[in-house]
Amino acid sequence: MKHEGKRRLRNIIAVTLAATILFAAIATGLIYSLSKTHQKEVEFYLQELAAQNVDKLNQQIDSDLNTLQSISVLIDQNSSSRQVIDSILADSEIKNTFLEIAFVDQNGIGAAGQVNGSTWSDVNLSQRKVIQQVLAGHSVISDVIEAQKSGKNILCYAVPVYDNGQLIGALAASRSTDLLLNVVESRYLAGRIGSALIRADGQLLASSSHGRNGNFFKGTQFDPAALDLLEEKIQSAASHTFSFYYDGMDLWGTITPVGRNDWFLVETVTMETLNGEFYSMLGIILLALVPLMLLSIFMLVYISYNEKKTRTRIDYLAYYDPVTGAYNNNGFAQAFEQCITKDDHYTLALLDLCHFKFINYSFGFQAGDNLLRHVKDVLEAELQPDEVVARSNADQFAVLLHTQDKAEIARRVTHMMERISAYQIVKKEHYPINSYCGIKICQTFSETVDLNLLIDRARMAKTSIQQGYGNRYAFFDDALFEKAHERTVIEQRMDSALKNGEFKVYIQPKYDLKTETVCGGEALVRWQREDGSLVSPGVFIPVFEQNGFITKLDIYMLEQVCSLLHHWKRQFGPEKPLPAISLNQSRILFFQENYLEMVENLLNKYQIGPGQIVMEITEGVEVDEVQRLEDIIQGLHKLGVEVSMDDFGSGYSALNVLRELSIDELKLDRMFLMQTENKEKGRAIMESIIQMAKNLSFRTVCEGVETREQAQTMLDFGCDVAQGFYYAKPMPAQDYAALLSA
């Protein structure tokens with residue numbers, strides 16, 4: 001019995017030991033599997049967070065560069081450096097964005113100023129690499145440099161400044177590295193995620209947790225193999241997750257290339273933060289290795305529950321906007337795919353809030369976040385089954401509507417915007433909240449639908465909305481697509497068209513109202529492509545005015561007209577004097593510094609005498625431009641060139657401007673003429689304008705005369721010259737020459 005008892009005890013111990021070993025093996029395998037899964041999820045979480053923060057960092061950098069580029073277009077060669085800086089520092093948005101700002105000429109000399117109001121001039125910045133790069137024509141952001149005045153670490157943004165296509169200097173501004181790093185400051189995990197901006201060699205540019213100077217690699221401890229792998233990833237500009245030791249703590253980190261200079265963004269978090277809960281679970285499991293299976297099963301279930309919570313948290317960060325709780329771009333794309341595979345009867349609407357940045361600055365970011373949450377709630381409340389809303393970027397929301405009925409879409413979008421407008425940012429005070437929306441109805445031409453294409457076209461529709469008050473929306477249609485495509489084609493071909501002589505001179509004759517004989521002509525441009533097709537001036541002229549190419553075209557037209565006049569003088573001889581030809585001159589060209597010199601050179605080249613050329617300028621003259629404009633007009637008079645004010649009556653001219661300008665001719669807008677036919681007030685105004693012009697010794701020309709009755713009305717009013725289809729349409733230059741010789 002004694003031996004039997006010992007044998008049973010040995011058997012129990014053996015079975016218990018075997019069971020313990022088996023359970024330990026199972027538990028060890030399970031723990032190992034869970035550890036690997038947890039590690040992958042941690043890596044995924046950090047990489048997703050880093051990718052989002054790199055995007056935010058680049059968005060901030062692009063926003064800062066765009067701000068400087070927007071300012072740079074307001075600078076011309078006649079602005080002094082001090083005027084530029086004073087004007088910029090008066091802008092509250094700049095004060096809230098940059099520390100210092102400088103305007104540098106092509107020699108690297110300029111004026112700089114701080115947002116606290118102090119300004120100094122004649123600063124030599126030519127030796128700074130960032131200035132040298134910008135003066136070479138590049139928009140750049142520098143590495144971290146030490147500010148000359150404050151000694152603080154700063155980043156320098158700089159963009160080239162062009163005036164009429166000519167590089168005249170650089171506009172530079174500095175931003176604190178801390179302010180830039182604040183853009184990616186994490187709100188997750190109670191702010192326990194640290195961020196650092198480093199160079200490829202590990203030099204710290206800015207850091208929220210590793211000091212402000214020194215080297216990231218030297219200030220931390222790595223396993224040699226891990227360090228070699230990290231350096232290899234940096235050399236290949238690849239993202240990488242790693243573990244390291246710093247200041248007595250074990251940490252996880254991920255490094256991601258920023259795409260600027262040789263910068264990398266490092267996100268770090270202690271292993272305790274990410275693994276604390278996980279390791280506590282493992283500790284309980286280890287204690288449960290004593291065959292307490294029930295407790296072990298309970299713990300395994302508990303671990304699975306917590307792993308699910310972790311996955312849910314990671315999924316939330318990857319697919320949802322943390323401010324509003326709506327989908328982000330990733331979540332919207334996923335939901336879109338699920339909807340569109342079942343039914344493609346959808347419409348995409350992109351909605352933006354007007355002046356949202358002003359709301360943030362005026363009422364605070366908390367008020368701005370509350371407004372964003374209100375917009376999300378409004379849009380979500382308006383959704384029907386199988387419809388989706390997302391906050392795609394800043395104050396922009398994307399809405400997927402399950403309808404393609406334009407009337408219903410317009411009604412629903414209008415109702416959404418009206419509900420958004422009813423929101424009160426401050427109680428008992430109504431600040432107008434307006435929005436504008438671009439809409440693209442989904443059209444499928446293949447088995448797949450390109451979401452990015454839908455977004456681009458909805459954005460194009462939104463961009464087409466003119467500035468104004470109130471809520472506005474626009475649908476993308478074929479005309480809008482053709483207009484954008486047409487502009488691209490025009491800009492691609494305009495230089496070669498000018499070089500190949502595709503721009504032709506057409507002339508519309510002007511007639512003396514008393515004698516009804518030709519007394520001059522207006523030179524108009526026509527674009528005839530090599531295949532013989534014509535591009536309407538109403539299509540290409542607005543494009544050229546926006547991109548500045550109009551100055552080249554105006555000079556080209558002036559030279560062509562001078563060449564024609566030179567040829568006709570030789571053809572007709574001195575016995576037949578040629579009437580004057582008028583040309584339109586763009587405001588950009590008219591105010592160029594060397595404008596008079598260019599005109600004089602062409603007049604001399606083609607031996608053009610006084611009174612043969614008339615320059616037409618539009619009536620919209622700013623008060624502060626009057627004296628400068630008068631100086632140019634006087635210069636043209638010295639060259640024998642007359643000046644006509646075109647389209648008078650189409651805008652809101654100040655009559656005293658006419659008193660200050662020594663123009664020779666007043667050209668009345670055709671729309672003004674049309675208003676005189678059946679309206680007594682219009683007739684009285686037109687007659688008064690013509691009488692005023694006579695009192696000021698201006699010659700008067702009425703354009704757009706299309707009927708005999710209109711011509712007689714203008715003659716009765718005392719107008720001198722008429723131009724329009726009643727007399728002749730614009731014609732090729734050779735046909736005009738034939739008309740003169742008849």
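Okay, let's start with E665, which sits in strand β24, residues 665–668. Keep in mind that this is a predicted model. So, is E665 buried or exposed? It's buried, because its relative accessible area is 3%, and the cut-off for buried is under 20%. What does the side chain of E665 make a polar contact with? That would be the side chain of S644, at 2.8 Å. E665 also belongs to a network of salt bridges, together with K510, E522, E616, E642, K667 and R699.

Staying with salt bridges: the count comes to 19.

Pair one is R175 with D64, where the closest N and O atoms are 2.8 Å apart. These two link distant parts of the chain: R175 is in strand β7 (residues 166–176), D64 is in helix α1 (residues 2–72), and they're 111 residues apart. Both ends are tucked away: R175 is buried at 6% relative accessible area, and D64 is buried at 1%.

Pair two is R419 and E382, whose side chains meet in a salt bridge at 3.0 Å, N to O. R419 comes from helix α12 (residues 406–421) and E382 from the loop between α11 (365–381) and β14, so this pair ties together parts that are 37 residues apart in sequence. Here the two ends get separate labels: R419 is partly exposed at 33% relative accessibility, whereas E382 counts as buried at 17%.

K552 is partly exposed at 48%, and D495 is partly exposed at 43%.

Now for charge on the surface. Which residues gather in a patch of negative charge there? They are D223, D228, E231 and E232. D223 is in the loop between β9 (204–207) and α6 (224–235), and at 48% relative accessibility it counts as partly exposed.

N261 has a positive phi of about 50 degrees, even though it's not a glycine. You'll find N261 in the loop between β11 (249–257) and β12 (263–270), partly exposed at 48%. A394 also has a positive phi of about 50 degrees without being a glycine. A394 lies in the loop between β14 (388–393) and β15 (396–401), and it's partly exposed at 39%.

Technical notes: Residues are numbered from 1 along each chain as its sequence is written. This is a predicted model: local features need pLDDT of at least 70, side-chain atom pairs count only at pLDDT 80 or more; totals for chains, interfaces and linings use all residues. Side-chain values use heavy atoms; hydrogens and water are left out. Patches are made of residues with over 30% relative accessible area and no salt bridge: like charges are joined within 9 Å, nonpolar side chains (Val, Leu, Ile, Met, Phe, Trp, Tyr) within 5 Å. Accessible areas come from the Shrake-Rupley method with a 1.4 Å probe; for residues, only the protein chains shown count as cover. A salt bridge is a side-chain nitrogen of Lys or Arg within 4 Å of a carboxyl oxygen of Asp or Glu. Lys and Arg count as positive and Asp and Glu as negative; His and the chain ends are not counted. The place of a charge is taken as NZ of Lys, CZ of Arg, CG of Asp or CD of Glu. Helices (H or I, at least four residues) and strands (E, at least two) are DSSP runs, numbered from the N terminus. Buried means under 20% relative accessible area, exposed over 50%, partly exposed in between (1.4 Å probe, protein chains only). A polar contact is a pair of N or O atoms within 3.5 Å; within protein, one must be able to donate a hydrogen and the other to accept it, and residues adjacent in sequence count only if both atoms are side-chain atoms.
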